[in-house]
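Have the model open as you read.

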Amino acid sequence: AIGFSRQQTCWVGRAAVSDHWVFEFAHIICRQTMVRGGSDSESSQRDPKRSKTFSGGDFGDADGPSAELQLEALLAQNDSHNAPGKPGGPPRGPGAGPPGGPGGMPGMPGMSGMPGMPGMTPSMSPAMTAMTGAGIARREAEGEQPRVETTPMDFSRLTRDLPTRAIPVPKDLVECLMTPENRQLLTEQSGADVEWLPEEASVKVRGSDEQVKRATRLLQRVLMHCHWGKSETKVKRLLKPKMVESAICRLSPMNTLRPAEKHLSGASPTLRIGKDKANDVVIQDAIISRFHCVLELDLERGAVYVVDCSTNGTFLNGIRLPSKTVGKVLCSHGDDLTFKDPASGEQEYGYTLNIIDLHVKPDVKLEAPRRLLTPEEMASSGRDFA
């Protein structure tokens with residue numbers, strides 16, 4: 001807060017037509033008040049003999065030039081810069097107002113007949129002029145939007161020294177794997193920075209040791225299960241599994257086999273195929289084992305898998321499955337499950353799998369609550385500062 005004398009208030013009224021002059025004058029008053037310890041009126045009462053003279057640009061004051069004389073000098077300097085017909089001043093033309101502007105305020109910008117801010121003190125740059133109220137008003141009048149100068153920031157140094165690994169992928173998997181959606185899923189699930197390199201048939205991952213390890217593990221899972229059939233939907237499901245809680249598994253025969261169907265859930269998660277009558281699907285054939293294979297709904301992984309329990313082998317999409325001691329393979333809707341080696345000529349002795357998801361566990365995103373505390377909650381909640 002600055003205290004002004006009556007004479008200073010008049011100067012403020014004269015200088016208030018420009019934001020710049022208000023700032024200049026406020027700076028002068030603050031500086032003078034700090035030096036003198038009070039306003040001009042208080043100082044004159046303490047030292048009535050103090051004399052102030054101004055001649056040829058020299059100020060005569062024991063404590064320095066007064067605010068009135070400094071502002072008068074600034075206004076005079078601005079008048080000399082903005083005088084029509086002088087170098088640096090606005091040109092006089094038809095329809096222009098009087099030299100001093102209305103109200104006897106020469107050179108003051110923002111008045112009628114003087115658009116914009118034609119005059120600047122030597123301390124103001126063009127960028128500062130554009131940021132004043134008059135400069136913004138001129139830009140809006142001309143239809144030009146205010147511009148903010150920005151500098152692009154380079155964050156490459158943050159990830160340049162992080163661990164990086166290139167993971168090769170089969171060329172026939174590039175089309176199904178390297179999509180923008182799968183890249184986003186892999187980034188979300190692993191936290192690593194992922195870069196597709198389709199020309200080199202490889203994936204480059206960059207991040208911390210744990211992030212790179214997690215991304216590598218996800219990609220290896222995709223590569224393993226896509227060995228028995230590949231599609232973009234299957235890759236997406238491997239990167240981010242849907243937690244299926246129940247599904248209908250329908251077996252559509254390719255030849256003379258009988259159709260079968262079963263509802264898989266937590267209470268009954270398996271569908272067994274074999275020669276034994278205890279199986280859900282019984283096939284009487286010399287090549288079929290007593291317990292040939294099992295279709296299982298894995299509730300932990302949220303998908304249907306197939307396990308080969310036979311001696312002669314079970315084939316998924318024409319490729320033999322690993323034995324039950326090695327592991328199980330993910331099944332997808334539309335896969336072909338056959339029981340004879342396609343190399344022997346029997347390519348259609350089996351079923352086409354139709355898997356219909358009934359209940360899928362919703363994907364819950366953990367987010368912080370977004371609401372304002374009530375006054376009662378704010379009053380009852382503790383503070384961690386004194």
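A charge sits over a ring if NZ of Lys or CZ of Arg is within 6 Å of the ring centre and within 35 degrees of the ring normal. Before we use that, a word on the model: it is predicted, so local features need pLDDT of at least 70 and side-chain atom pairs count only at pLDDT 80 or more, while totals for chains, interfaces and linings use all residues. Residues are numbered from 1 along each chain as its sequence is written, and side-chain values use heavy atoms, with hydrogens and water left out.

Start with Arg-301: its charged end sits over the ring of Tyr-305, 5.9 Å from the centre. Lys-340 does likewise with Tyr-349, its charged end lying 4.4 Å from the ring centre.

Now for rings meeting rings. Rings of Phe, Tyr and Trp (its six-membered ring) pair if their centres lie within 6.5 Å; planes under 30 degrees apart count as stacked, over 60 as edge-to-face and the rest as tilted. The count here is 2 aromatic pairs. Together, ring pairs join Phe-339, Tyr-349 and Tyr-351 into a cluster.

How exposed or buried is Phe-339? Its relative accessible area is 0%, so Phe-339 is buried (under 20% relative accessible area; exposed is over 50%, partly exposed in between, with a 1.4 Å probe and protein chains only). Tyr-349 is buried too, and Tyr-351, at 1% relative accessibility, also counts as buried.
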